[in-house]
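Here is a short briefing for a reader new to this structure. Take a look at the model first, then go through the points below.

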Amino acid sequence: PQDNERLLALLRDLARRGAPEGARWLLVTPGAAFGTSKLWPPERFARACDAIARRHGLLMITVADLPALPDHVRTFFFGGISLMVEPGGATYEALMQRAADAGRVIMIDPNIRPSFISDEATYRARIGRMMAMSDMVKLSDEDLRWLEGEGEIGDLVSGLLAHGPKIVFVTEGAKGADIAVQGQRVVEGSQ
């Protein structure tokens, strides 16, 4: 019953935001909740979602679907698997570009999952552009090294800051987090 109430609230919210009345939606996840044996390869997952959407007339978000930015929305957060697959990745990059052009505050947490990335060069280029447009970037130390290679965290973060972000947060599991502003490590290993 509680899940039904949440679903009805979500549908009411979508209607208020202009979703077509009677639109059908499909929410999918590629698995892995029960181990890697249930994880779909990204290309196969994308093809399956596209086929289901076409067959059933379901909506998928694309750049053409993006609305004008409301004046009252001043902050944007981007992150997760949606940045790794199409059409989501390109769509969210376009939305971020609009937000950056309008002077909005932007934060990104790529939360990189290499197994979801089907075109590594395209993803690396996109995430680089998106981090450059962001005011704040949050990365795990693993994400940072996947993007920038091996090296001292401070040096890698300085490289990121040189491309645009004002603040970079790097989490290091039980060690805590490092925070850097304009190339200066402010807090190291804070809990």
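At what angle do the axes of helix α5 and helix α6 cross, and within what distance do they come? They cross at roughly 65° and come within 11 Å. The model is predicted.

**The α5 and α6 pair**
- Helix α5 covers residues 141-148, and helix α6 covers residues 153-161.
- The crossing of α5 past α6 is left-handed.
- On the α5 side, the contact is made by D141, L144, R145 and E148.
- On the α6 side, I153, L156, V157 and L160 meet them.
- Sorted by class, this contact holds five nonpolar residues, three charged ones and no polar ones.

**D141 in α5**
- D141 belongs to helix α5.
- Beyond its neighbours within four places in sequence, D141 is in contact with I153, V170, T171 and E172.

**R126 in α4**
- R126 sits in helix α4, which spans residues 120-133.
- Leaving out residues up to four places away in sequence, R126 touches L83, E86, G89, A90 and E93.

Notes:
Residues numbered from 1 in each chain as written. Predicted model: local features only at pLDDT ≥ 70, side-chain atom pairs only at ≥ 80, totals over all residues. Heavy atoms only, no water. Axes fitted to C-alpha atoms, helices over the stretch in contact; angles between N-to-C directions. Helix = DSSP H or I, 4+ residues; strand = E, 2+ residues; numbered from the N terminus. Left-handed = near helix turned anticlockwise from the far one by under 90°. Contact = heavy atoms within 4.5 Å. Nonpolar A, V, L, I, M, F, W, Y, C, P; charged D, E, K, R; others polar.
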